[in-house]
Amino acid sequence: MTQRTALVTGGTGGIGTAIIRYLAGQGHRVASNFRDAEKGERWRKAMADEGIDVLMVPGDVSEPGSCVDMIKTIEDKLGPVDILVNNAGITRDSTFHKMSYQQWIDVVNTNLNACFNVTRPVIEGMRARKWGRIVQISSINGQKGQYGQANYAAAKAGMHGFTISLAQENAKFGITVNTVSPGYVGTDMVMAVPEEVREKIVAQIPVGRLGKPEEIAHAVAFFTTDQASWITGANLAINGGHYMGW
Ligand code: CAA
């Protein structure tokens, strides 16, 4: 497999870590970003202990200028970004009638506007090189909605609108753009949901359990291969059967 430079935003999270393990395992040079330097360094060391060398760069995906600097640093050190996984995401759950503007805009900036901020600085290079793989990590809740997540569901649904437009514009340039929509995976984000609420959610999953980060990472890594060159504009649901809509 050709070794490429891959950027996975939000690498320190559960799903991001698993994606980085997969891409590094395929021989790619891997980079991620941090906002909290101490947390980023702790995580980088833990990955190094596993034998995975991750370039960690300061970068706030909700800030366009920060993303331009982040991409420049990565490309200077590792070469052009050929694989981009827009994975960084946050929740600020609240029923809408109690939601503050801050809860709304933080989620939209970090989950949706980040797609512009991070992808815009890499897309022209991918087009010039005639090869690229872009994967958005959306959510089951962007497909089905979720009580308490008007902000998150709106942003996550928007990510797939971004995917299918970008896929059309860039298909002729050897660039595929796809979405992966995970269901409830056993990460810190899901474990932060109150236990009694979480138990009710798990009871709705036909497979009968939360997902594992590796079960998402495996599919993301497949989308980034040469063999997946005819898959573009897809939205792959990986959710234990929790939502089976089209
Ligand atoms: N369906 C119907 N009613 C519901 C409900 C649901 N799914 N969830 C809560 N309610 C009801 C409660 O029973 C309660 O009703 P009563 O007032 O009649 O008793 C009412 O809503 C509570 O509403 P409040 O506005 O007072 O809400 P709250 O402050 O108690 O918190 C909440 C509500 C924030 C939505 C909380 O229930 C919650 O955290 N839910 C989980 C949301 C969720 O799934 N988040 C996913 C996070 S993980 C993630 O996002 C990753 C991913 O991609 C999957």
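Me: On what basis are residues numbered, and which parts of the model are used?
Reply: Residues are numbered from 1 along each chain as its sequence is written, and side-chain values use heavy atoms, with hydrogens and water left out. Because the model is predicted, local features need pLDDT of at least 70 and side-chain atom pairs count only at pLDDT 80 or more, while totals for chains, interfaces and linings use all residues.

Me: What makes the protein as compact as a globular protein of its length?
Reply: The protein has nine helices and seven strands (DSSP runs numbered from the N terminus, helices being H or I with at least four residues and strands E with at least two). The radius of gyration, taken over C-alpha atoms, is 17 Å. Along the principal axes, the C-alpha atoms fill a box of roughly 45 × 40 × 35 Å.

Me: Why is Asn-239 called buried?
Reply: Buried means under 20% relative accessible area, exposed means over 50%, and partly exposed lies in between (1.4 Å probe, protein chains only). Asn-239 has 10% relative accessibility, so Asn-239 counts as buried. Asn-239 is placed in the segment after strand 7. Contact means heavy atoms within 4.5 Å; leaving aside neighbours within four places in sequence, Asn-239 is in contact with Ile-140, Gly-183 and Ile-205.

Me: Why is Lys-130 classed as exposed?
Reply: Lys-130 has a relative accessibility of 51%, and therefore counts as exposed. Lys-130 is found in the loop between helix 4 (101–129) and strand 5. Its phi is near 60°, a positive value in a residue other than glycine.

Me: Why is Glu-214 assigned to its accessibility class?
Reply: The relative accessible area of Glu-214 is 42%, so Glu-214 is partly exposed. Glu-214 lies in helix 9 and, not counting residues up to four places away in sequence, touches Ala-18 and Tyr-22. Glu-214 and Arg-21 are 193 residues apart in sequence and 8.9 Å apart in space, C-alpha to C-alpha.

Me: Which residues of helix 9 are buried, and what covers them?
Reply: In helix 9 (residues 213–223), Pro-213, Ile-216, Ala-217, Ala-219, Val-220, Ala-221 and Phe-223 are buried. Their cover includes helix 1, strand 4 (81–86), strand 5 (132–137), strand 6 (175–182) and strand 7 (235–238).

Me: How do you know whether Thr-224 is buried or exposed?
Reply: Thr-224 has 3% relative accessibility and therefore counts as buried. Thr-224 is in the loop between helix 9 and strand 7. Not counting residues up to four places away in sequence, Thr-224 touches Leu-23, Gln-26, Ile-83, Trp-131, Arg-133 and Val-135.

Me: What makes a space a pocket, and how much space lies in the largest pocket?
Reply: On a 1 Å grid over the protein atoms alone, a pocket is an open set with protein on both sides within 12 Å along at least five of seven lines, whereas a cavity is a set of points where a 1.4 Å probe fits but cannot get out. Grid points are joined across faces, edges and corners, and a volume is the space filled by probe spheres set on the points. About 1,300 Å³ of space lies in the largest pocket. Lining residues have an atom within 4 Å of a point; there are 50, of which Gly-89, Ile-90, Thr-91, Thr-187 and Met-189 lie nearest the centre.

Methods: Rg over C-alpha atoms; globule rule 2.2 N^0.38 Å.
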